[in-house]
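Let's walk through a protein together, from the whole fold down to single pairs of side chains. Keep the picture open as you read.

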Amino acid sequence: MAEITQLTRHIESYIDTSSSDEDASLNAIVSLVKTDVLPLRALVTKLEMYLTATDDDIRGRGILLLAEVITRIESKPLDSATIHILVGFFKDRLADWRAVRGALVGCLALIRRKSVLGIVTSSDAKAIAQSFFQYMQVQSLGQYDRKLCFELLDCLLEHYSDMVTTLGDDLIYGICASIDAEMDPECLMLAFHVVESLARLYPDSSGPLASFAKDVFDILEPYFPLRITHPNNGDTHEQRDNLSRSLMIESLKYLTVCSSKYGAERIAKYAKSIWSSIKDTLLKCLGESDFSLNIAPVDGIGFPENEFEMEALSLLQQLIVQNSSLIVSLIIEDDDVNIIFNTIASYEIYDAIPVPEKKKLHAIGRILYITSKTTITSCNAVFESFFSRMMDNLGSSFNNIDSFPNGDTSPSQRVKFGFLYLCIELLAGFRELIVGSEEPELLYAIEHETCCTMLHSFSSSLFNAFGSVLAASADRCPLDPDICIGVKGLQILAMFHSDVFSIQQSIFENILKKLMSIIIEDFNNKILWEAALKALYHIGSFVHKFHESEKAVCYRSLVAEKIVELLFLDDHPVPFSFKVEALSNIGMTGIKNMLTCLQGLRGAVFANLSKVCVRMTHENGGLEDFAVQFVVDIWSQAENCIVFDTLLKEKGLLDALMKAMKLSVGSCSVENQNLIIQKAYSILSSHSNFQLKEVERVLLSPEKYDISLRDEGLISLFASVVIAVCPKTLIPNLRVLVHLFRVVLLRGIVPVAQALGSILNKLVSTSNSAENSSDLTLEEALDIIFDTKIWFSSTDMWQQCNGTSNGKEVTLTDICLGFANDKLLQINVICGLSWIGKGLLLRGHEKIKDITMTFIECLIGTNTALPLMKDSLENTEEQIQDTLVMKSAADAFHVLMSDCEVCLNRKFHATIQPLYKQRFFSSMMPIFLQLITKAYYPLSRSFLYRAFAHILSDTPMVAVLSDAKKLIPVLLDCLSVLTEDIQDKDMLYGLLLVLSGILTDKYGQDAVIENAHIIINCLIKLVDYPHKMLVRETALQCLVALSELPHARVYPMRTQVLRAISKCLDDTKRSVRHEAVKCRQTWASMSSRSLHF
């Protein structure tokens, strides 16, 4: 009875519009329904008197209450009968104009439900649509209700498109009537999307939409050109720029659809105006070219595209397809295009071109690219008009010389940058035209076209020009755009179909030689070296994909085999890591190249193991037998004491072998993994000092586990196999191995700890013991690791305890907490437990709670001398060790939360529960917030901040946003702490990205507004952070985002921000200066007064 009375109070509180507890009452009712304390049907029965009341206000509030409850239980499954009843109720309420908001909210909530939770049937969705068009007069409603109407129409078109098409003319007429005379920006954006969806629904030019084309045009036409004003009170939520951009993009899309529907003849008379609009859009909206090889695709330069560019170029391509000769003539004869073309003739290097001209160059380049890739007619036309002029401007010095032998070019020649860039855009478009055509007849026809003939004539000149650019740019800034142009030009020139454009074999060979000369000689210029390697990769992949047999032989001889030869050159200066990276990339270009590289690699590894760093790649299929043989060969060589000991002395080589081992084993089947691990176990047991048969029962002396370099290498290599195997692979004598790993872990051998984490992650629990192929269950393994005690004394460092020796018995947890009074041992155990904990966290095991609480105890610290450390003039060795222990405990949370490449990932068959990071964050957040608040000593608080920073940085943003109000103050404190040590610069940047995510997400706005002043103060301190450019750049971007907050919150900070930004205008990094200028303009525009500092 009390429960019913409480429910009645909540309902009455919500119905009463004067009540201030509306949200709380609604949340209470929703909670009752979600937890099944109050079934949904019981709620409907309880609301009956309100849903049918004669008082309009009460009835409207009752219907809205039910609708809001339905909205908030979207994750609760509902049966089809319940959904059908609710649909019938809400669709009928659409006729009740005084209760229309609740009806709209209810219909929208039901339409949006996911299929697995119970959805509206097609027939019910049709009934909603029919009721909507029958009763709703959208333009007579208020702004918010109109917005709901457009959202409902949008959802119906998106989720029930097959159903709504059956409404025919009623659907189109109803949508037109709903949109007509709409003036609100938010509603307009939804309305335009509805029209776009409607156009996709009826693409046929003779379909139902065609008869309404004039009506649709008449309704939309008044919105263009845009004349947008805001009311003085600033109540609108939409910014003018955002709406303008959206409408401009929609207009480009609309023109593209119109051109396809109306046909070439009807569009021809508007062609000049449309071309002019496209040109103006590109010239205004394209920014300065960003020549970055990191984003370069196979074809073209690959600048970051924006929506304006994509839609404008899409429209241009559509027009060229329809009427090639007309549009191309407009482009060729355009005054602006020719002026820009002639202007760039005087510039030899990119940096000499003024910024406005760079933007124009970018626009013309994209136009030429689209024109040359669309039709053979348009390609011929631009080649005849522009390509010949470009080659003439390169000068006779390039046109009249043959390629130099061995891929050399004359370094003394200067080439006009702009023309070479436009050449690349033309070549890239032409190549895409060829590659995109699968018709043999068309390919044969292209071979005899003007563009093909001209390119054949000038191919030698182009090679020399591109090569000269590289030679001339080698002595300049390594980020020089000329590098991008030179490498990309050679790459595209080498990647034309032999069936269409047969580049001379000598030029193809010289291109490969030129790029290989960079690989062999220019490794000190990393940007150039990586660019050349990427170009070789793309060329090799092209040759393999299109079965260019003659070129394939040439490529294998001049590239793949040469790369392999580098591994055998003892005195060659190219670093091993570079050789391995090159080998890996070239091996991925095709099966034959892969086999060449692998066979050469295998021979090099076993000819001189101490001088080769191995990086196995396994993404190409059909190589499992080779991978198995490769791994078995490594273990066979491990039996050779002399070779293996020499191998381990080479710095970094063990890590490379372990990586190769994991990649190879992980790619094998369970059957082959069983063979590999049996081989590995036999060698570990027979060629090491580990007495595996006695590890469970014999006291272990320090001498036995004073591990030699060889034993460390063997057990690390064996751990790599354990890390990579599938859960169903049978690991021999697993119980003994867990005992062994637990003891070896104390030596700080990280791969062993990672192997233990992998074992615990993949073991079957006792409850599923029937599925277990091992002699050990998860619970038994946990007992061995955490409950079996270790004997510790002053003379014997650690021993397995049988209860007969003097000393004390401790567990791993005890050692982690410092009971062994050995700081190095304590740090080793913390590291080991972090990997063990990661394996348990990924599978969602509750033991992770105990492990994390152990780490937290280490962070808090119990040593009374420790908190005084920062105040002492001279740190003792013990105090330094205490600090290292706390740092290890804090960094353990990074191991737990970060995505790991070396173990415990899907590549190595780990068990990973969905949303594990979100759950861990939710459980840890209240604990850390409380501990940080109560921390008495500054040092403990700083390490708590460090640990929590690791958790925040690796938590998905959606989980962080839900608690943004609580987190922002702590996050800012974390940022402040991390600025103190240069070694924390990467962690500082990661945490700053979290803050940036909160600032730019609408769900974080309330928290940001509330904390605006302290956020700005924090960012001001970061804009001149000296140790990492990305921190300064991101801090400035965050300040720009904060300027969008309500004026009253940020204006008082304006002077401080501008003063701080002024320091950044002279930053050594160009990108920081660019962001500083943008930030200053944004904050300065808050007032019309002049800037005075």
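We begin with the whole protein and then turn to rings and charges.

What you see is a predicted model, in which local features need pLDDT of at least 70 and side-chain atom pairs count only at pLDDT 80 or more, while totals for chains, interfaces and linings use all residues. Residues are numbered from 1 along each chain as its sequence is written, and side-chain values use heavy atoms, leaving out hydrogens and water.

The protein has 53 helices and three strands; these are DSSP runs numbered from the N terminus, helices being H or I with at least four residues and strands E with at least two. Of the 1093 residues, 54% are buried. Here buried means under 20% relative accessible area, exposed means over 50%, and partly exposed is in between, using a 1.4 Å probe and protein chains only.

Next, look at the aromatic rings. Rings of Phe, Tyr and Trp (its six-membered ring) pair if their centres lie within 6.5 Å; planes under 30 degrees apart count as stacked, over 60 as edge-to-face and the rest as tilted. The whole structure holds 13 aromatic pairs. One of them joins Phe 430 and Phe 496, a tilted pair with 5.6 Å between centres and 45 degrees between planes. Phe 430 sits in helix H22 and Phe 496 in the loop between H25 and helix H26, so the pair ties together parts 66 residues apart in sequence. Phe 430 is buried at 0% relative accessible area, and Phe 496 is buried at 0% as well.

A salt bridge puts a side-chain nitrogen of Lys or Arg within 4 Å of a carboxyl oxygen of Asp or Glu, and the count comes to 30. Lys 373 is buried at 18%, whereas Glu 432 is partly exposed at 25%.

Finally, Lys 847 and Asp 850 meet in a salt bridge of 3.5 Å, N to O. They are three residues apart in helix H41, and so separated by about one helical turn.
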